[in-house]
Amino acid sequence: MCGINGFTFSDPAALRRMHQLTRHRGPDDEGFFEDQEISLAHNRLSIIDLSSAGKQPMQTTDGRFVIVFNGEIYNYRQLRAELESLGIRFRSQSDTEVLLYGFEKWGESLLPKLRGIFAFAIWDTKEKRLTLARDQMGVKPLYYTFDGQRLIFSSELKAIFVHPISRELHPPSLNVYFHLLYVPGSQTIFSQIKKLPGGTVATFSRGTLSIRQWWRVREGSPIENPNEIKALLREKVKEAVASQLISDRPLGVFLSGGIDSTLVLGVMRSLVSTPIQTFTIGYETDIQSERYNADAELAKKTASFFGCEHHAFTMSATEAMSSLERVIWHMDEPVSNHVQTSTYLLAKYAKPLITVALGGDGGDELFGGYARYWYSRAMDRLQRMPRPLRRAFGASFAHLFKKQDFWEDLQTPFSFKRFLLFVSQKESVIQSFLKQSAHQDSGSFSMFDDYFTPVWHDRTNQLMATDLQTWIPDESLIRTDRLTMAHGLEERVPLLDPELVRLAFRIPSRFKLGTRRQGKRILIDAFRDVLPPYVLNQEKRGWFSPTAKWMRGPMLPFVREILSPSFEPATQVYFDFKAIQNLLDAHVEGRVYALNTLWSLVTFQLWYRTFMTA
């Protein structure tokens, strides 16, 4: 894991300023490659081949190709053997060198061969061509800006502003942020800066930039035999976990009380005999402590079940407040999630003991862990019923949801509108505080059309695939990457291995969905002999933090200050602060639960002060 920076012109001072801003990503070493047409910098976090032979930027023996690379190639040993059979001789034991010579040999045809997490840049000194590529799932980040002549890129958005780039906000993205709490797709909150999406490759040559998608989630031919599915799941999960244990630095597991991280730990336990270190975080709170620390208690029990060396940390409201500004600086864009400080502090506490952690990201999106998949499937069935019968069932659903207007929601066709129905914040609430001039929704959600065209045979799987290509890379994984790499710690995500992803969308959703309260049925069945008995039937829980309660107590003065019009006067052009104060009062008095909305505003206010007034 590392940080990469570069641009297609010469400016030694700017390159070093960019490099300094991403130094936390790679504190072990640094390197530069520069000529009149290219500038490359690398922050190194040494994990595979700790020697100087793994130093970057790295060049081929003849000097033609130069690489800067962030990530890990888990199947590099197999690729190395293949390249050696073709006559290539290696000077190091690093995966970087395999990636470099693989590109020399196969060009972009190398990309589908890779199993790993990566963002890299390769400069061809002969053809004067720069290639940028990002892994299938978008685990490792890559930002860029292109003015029609010059290209600038970085692992972190903040480094691009070393150059005289406009900080003009992108109005549709501002609107999307308050609906989804993050900005999905290739766009960022800034008009002039883009993300290279997962599974895409960009080529820059003589002032021309071209981008193509080399991988995407697709519906596969269904496997109808559940025993075959379970056997394949056991094979692919074990293969993914085993491949990601490669490390020359200490490795552990970020453990919650849920199925996914428990499964990763259980499979890892079957593969290694050495002690495994596990890490979890709980909360210091006098209000519903049992609820907010349920995951931490289950993690402790699970660590004992598997004979691990467990490390449990506790965070307070004071720590959450004191670390929030730093968290937002590391996040680059406004991404609103009240557990970000938990991730940041967990990585901070774990770093002295490990350099690599495995996590359980992706299990819910691949195997139907969220209740919305169950509801969407039920809606499809209800919409096929005769209208009178549909109304009767709709009334039952309305009672279940405690929502009187559910009849209208029930009519929502399977499309991106159905997706937004489940994941978007309420339009009426957003309209109450976001001024009309800032509420530009024209085309804001058009990007989601691509994920529903054409409609899959298995619509429920398509809903999962949409989450996997939007929320996962642009909310979940961006949070994972930024807040672990803030401390020079790498988190790996074995359940997002591309071969396992491909298998998941060959599994009919009827095998995944259990009940409204617990999904992932086929995954659980496949690993019943691995998972502890007490996790097999537990309900799906989100990652709870007591932030909503803290906002009614020790965090309230902090939140009131941030949500006042005087905190950052420039944001008055966007917000009706009287409406925001009314919403906060209603939350504090318990008349409404407005954590997500209020936290999106707190995040934006702090983000604006950090990035727009610098």
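**Reading the sheet**

Guide: The strands here form an open sheet of 5, ordered β15-β14-β13-β16-β17, with parallel pairing. Its edge strands, β15 (309-315) and β17 (490-492), each pair on one side only. From one strand to the next, the twist averages 30°. This is a predicted model: local features need pLDDT of at least 70, side-chain atom pairs count only at pLDDT 80 or more, and totals for chains, interfaces and linings use all residues. Residues are numbered from 1 along each chain as its sequence is written, and side-chain values use heavy atoms, leaving out hydrogens and water.

Visitor: What counts as a strand, and what as a pair?

Guide: Strands (E, at least two residues) and helices (H or I, at least four) are DSSP runs, numbered from the N terminus. Two strands pair if DSSP finds at least two bridges between them. Strand β14 (residues 277-283) runs parallel to β15, joined by 7 bridges. Gln-277 has Glu-309 as its bridge partner in β15.

Visitor: Which strands does helix α7 touch?

Guide: Contact means heavy atoms within 4.5 Å. Helix α7 (residues 259-271) packs on the sheet and touches β13 (251-254), β14 and β16 (356-358). Its direction makes about 150° with that of β13. Axes are lines fitted to C-alpha atoms, for helices over the stretch in contact; angles run from 0 to 180 degrees between N-to-C directions.

Visitor: Are the faces of β13 buried or exposed?

Guide: Buried means under 20% relative accessible area, exposed over 50%, partly exposed in between (1.4 Å probe, protein chains only). Both faces of β13 are covered. Leu-251 and Val-253 on one side are buried, as are Gly-252 and Phe-254 on the other.
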